[in-house]
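Take the points in order and keep the view open as you go.

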Amino acid sequence: MTNDLARWQFATTSIYHFLFVPVTIGLAFLVAVLQTAWYRNDKPEYRRLTKFFGTLLLINVAVGVVTGLVQEFEFGMNWSAYSKFVGDVFGGPLAMEGLAAFFLESTFLGLWIFGWDRLPKRIHLACIWLVAAGAALSALFILAANSWMQHPVGYKLDSHGVPQLNNIWALFTNPTFLWGYVHVILASLVTGSLVMLAVCAWQLRKRREVEAFGQAARISVLVVLPVILLQMFVGNKLGEIEAKYQPVKIAAAEAQWENCQPCSFSAFQVGGGKNDETPTQLIAIPHLLSVLATGTWNGPVEGLNQLQKEDEKKYGPGNYIPNVFIQYWSMRVMAYLGSLIVLLALWGTWLVHRGTLERSKWFLRVGLVAVVTPFVMNTAGWLLTENGRQPWIVQGLMKTINANSPAVSSTDIWISLSAFVLIYIALGAADLMLMLRYGRKELDREDDAGSSDAAGKGATTIPALTY
Amino acid sequence: MQLHTIWFVIIAIFWVGFFVLEGFDFGVGVLHTIVGKTEIERRVALNTIGPWWDGNEVWLVVAGAGMFAAFPTWYATMFSALYLALLIVLLALMVRGVAMEFKGKSDGQRWRRTWMWCTTLGSLLIPLLLGVGLGDLLNGLPINSSHDFTGNFFDLLTPYGLWTGVTLLSLCLLHGSTFLKLRTTDEVRERARAAARPLGWVAIALVVGWVIWTRTVAGGPDVPQPCEVLSVIAVIFGARLAATDHDGWAFSASAIAIAATVGSIFIDLYPNVMVSSTNAAYNLTVNNAASGSYALKVMTVAAVIFFPLVLIYQGWSFHVFRARVKAPPEQTASPSIATPAAQT
């Protein structure tokens, strides 16, 4: 019970946290691109766009940062047995994240917010790039830590059976980490550009500032196309790597109960869960699973039943199969929505090529709705990777059931879980309200008036009070 | 010096740095409604910490993450023991952090009022509860042989822990007022000076009491230790200088007072990191709570590379925004700034 509650809490808070993280990483990059464009060619629209999307970035950073604090504390608060067990290895990347990334991001964000017209243009531009770098670097250390839970490397067990770090380099060359990190960065860029595209689409449908928002829409389309194509490849590669190190995770994602060779891919099915091992496959594509999981036409894939037997032999009796329904559908949600984004990006690129993006009613309508997809996909991705590791908290080393804090009662967790849910709803509502308000605002008028010499007269028009 | 002792010192430095830097942020957060009568003046007060508070908060994050990496058992036992206290700290950190960013982004009076109280309440609760937690480390909590906390929330509210919390809160308030005096002009500065007077007397009384009490709790000699003496001298100087025009000196003195007080806790704690009130044999120490030597070596290298960089760019950020914050003059104020003034 306590363990389940602790899991619910971690799932709730981390999924919520990760709604904001990719927006931050993606938008920070795009705002940096916009500001670079302004720095390069001095067109006032770019400055106004930078400020406009910079505000949206700040709104998200606020919630992203504070929900990240919860994650940092939660390991010790709810998972003290886990923390004691893994701290030697897992704590390192977390501390490095604080030292190398979080300081960088927050200090330069302060410099960027307050540095307009106070810092030389070039230095101010460097600040936003350092914010973007800090955000991306933050994800690097967190992913290195998380990948160690998926595929533990670079450690030896001490006399008490506790893992001790003995090769830090192995943590940062862990294949699960390398591909997983690229996957997360690309997902963040998709998220950031689709948020930007949606805002532009709304503005363009109102025919506001067609030139400026048309330019921003083109930038987001041109970012999203290569990124999503690369992402399909990287996501697939990550699947292959996980099939190697966490075969159960991928077998469960395919609801593959029996061994197969060659294996067809189930594109849509009903059933296939724990008590229904013979699902009604509505669409099955021959050979595709072999290709996806092994990279060969006739590659074999081990079924869950076989893997369960092997794990029982290795680790003793127990259930080693995660929730198959979650695995199967989170994988497909990612793959299918990803394919839709590929289509959207191709459509958009074609419109950019023809020079009619700003006027295409249907594209703008779809571009607005499409903003939901990255959030659903990001959530599905974490469900796939974290649920797929169960029953383990650290693959093969520690089970989730043994990881929670002995000192913390289920009453304690009820209190904290309800408090977090309530405050997250309030913060989410405030964030959404501000995003909608600032996303639908017109571009800054002050700069409008002085657009001819915006760069020069900034000092008097920028309010001394930012907060 | 052994690696785990070095890491104990590093973690102590991060806690000290956090209280010195975020300490004035807390003080400003509580005092901004007192030194600012109009909306503009309140915004002036909040903008004195504007570019920095977020970076200052990272000192706490690194203190926590450093404990996780270097002393996993300390991190695990302390964070699960202080469960509900840390829950409140987290909630306070959240509403306060979001309040800073969100408050100015909408003009509604209720919106501003809500976030204003979030800032005040959050800034009050965080140093108080973290202070209680630090006091409890020294005073001792029920901890069993497997280093798990066996008490409940009310076991955290030890008289000594509470005194430590109130002492740190009062130091943050004094520190905030000397900081505001250093960073503002005219009425806001005068009100900060006026606030510093009573805050100074309270802080002196609390710190002296805390030092005396600490001598009986920490064991060792009955005479106050150098660092504790320093905190008493610094708080007296801080309180007295706050009345003068030596803004920089007053701020330095309150910074030293807060640093010496938090530093004393860690000095008195060593070589323990958490005292067990159940049995001294169950104390968590730098030895039995530490990570292996390889992990500590890696962390040391990371700290040697990154920490000086952090100090340089954070220092640079303090340098860039060193000018006093003033309200924009009426005639050039942009409409979005003029409106809130009209509302109050």
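1. The crossing of H5(B) and H6(B) is left-handed, a label used when the near helix is turned anticlockwise from the far one by less than a right angle (clockwise would be right-handed). The two helices pack at an angle of about 145 degrees, with their axes 8 Å apart. Axes here are lines fitted to C-alpha atoms, for helices over the stretch in contact, and angles run from 0 to 180 degrees between N-to-C directions. Helices (H or I, at least four residues) and strands (E, at least two) are DSSP runs, numbered from the N terminus.

2. Residues on the H5(B) side of this contact include Ala85(B), Ile88(B) and Arg96(B), and among those from H6(B) are Trp115(B), Leu121(B) and Gly133(B); contact asks for C-beta atoms, placed from the backbone, within 7 Å. By class there are 17 nonpolar, four polar and one charged residues. Ala, Val, Leu, Ile, Met, Phe, Trp, Tyr, Cys and Pro count as nonpolar, Asp, Glu, Lys and Arg as charged, and the others, Gly among them, as polar.

3. A word on the source: this is a predicted model, in which local features need pLDDT of at least 70 and side-chain atom pairs count only at pLDDT 80 or more, while totals for chains, interfaces and linings use all residues. Residues are numbered from 1 along each chain as its sequence is written, and chains are lettered from A and ligands numbered from 1 in the order in which they are written.

4. H6(B), residues 109-139, also meets H1(B), residues 3-35: their axes come within 8 Å and cross at roughly 140 degrees. The pair is therefore oblique, the class left over once angles under 35 degrees (roughly parallel), over 145 (roughly antiparallel) and 65 to 115 (roughly perpendicular) are set aside. This crossing is left-handed. Gly23(B) and Phe26(B) are among the H1(B) residues involved, and Met116(B) and Pro127(B) among those of H6(B). The contact residues divide into six nonpolar, eight polar and no charged.

5. Chain B has 13 helices and two strands. Its radius of gyration is 21 Å, close to the 20 Å that the globule rule gives for 344 residues, so chain B is as compact as a globular protein of that length. That radius is taken over C-alpha atoms, and the rule is 2.2 Å times the number of residues to the power 0.38. Buried residues make up 59% of chain B, where buried means 20 or more other C-beta atoms within 10 Å of a residue's own, exposed 12 or fewer, and partly exposed in between, with C-beta atoms placed from the backbone.

6. How do the two chains meet? The contact takes 67 residues from chain B and 63 from chain A. On the chain B side, helices H2, H3, H4, H5, H12 and H13 each give two or more residues. That side has 43 nonpolar, 17 polar and seven charged residues.

7. Chain A holds 16 helices and six strands, and 53% of its 467 residues count as buried.

8. Please look at some backbone details in chain A. Most residues other than glycine have a negative phi, and most peptide bonds are trans. Yet the bond from Gln261(A) to Pro262(A) is cis, with omega near -10 degrees. Glu209(A) has a positive phi near 45 degrees; Glu209(A) sits in the loop between H6 (175-205) and H7 (210-245) of chain A.

How values were computed: Contact = placed C-beta atoms within 7 Å.
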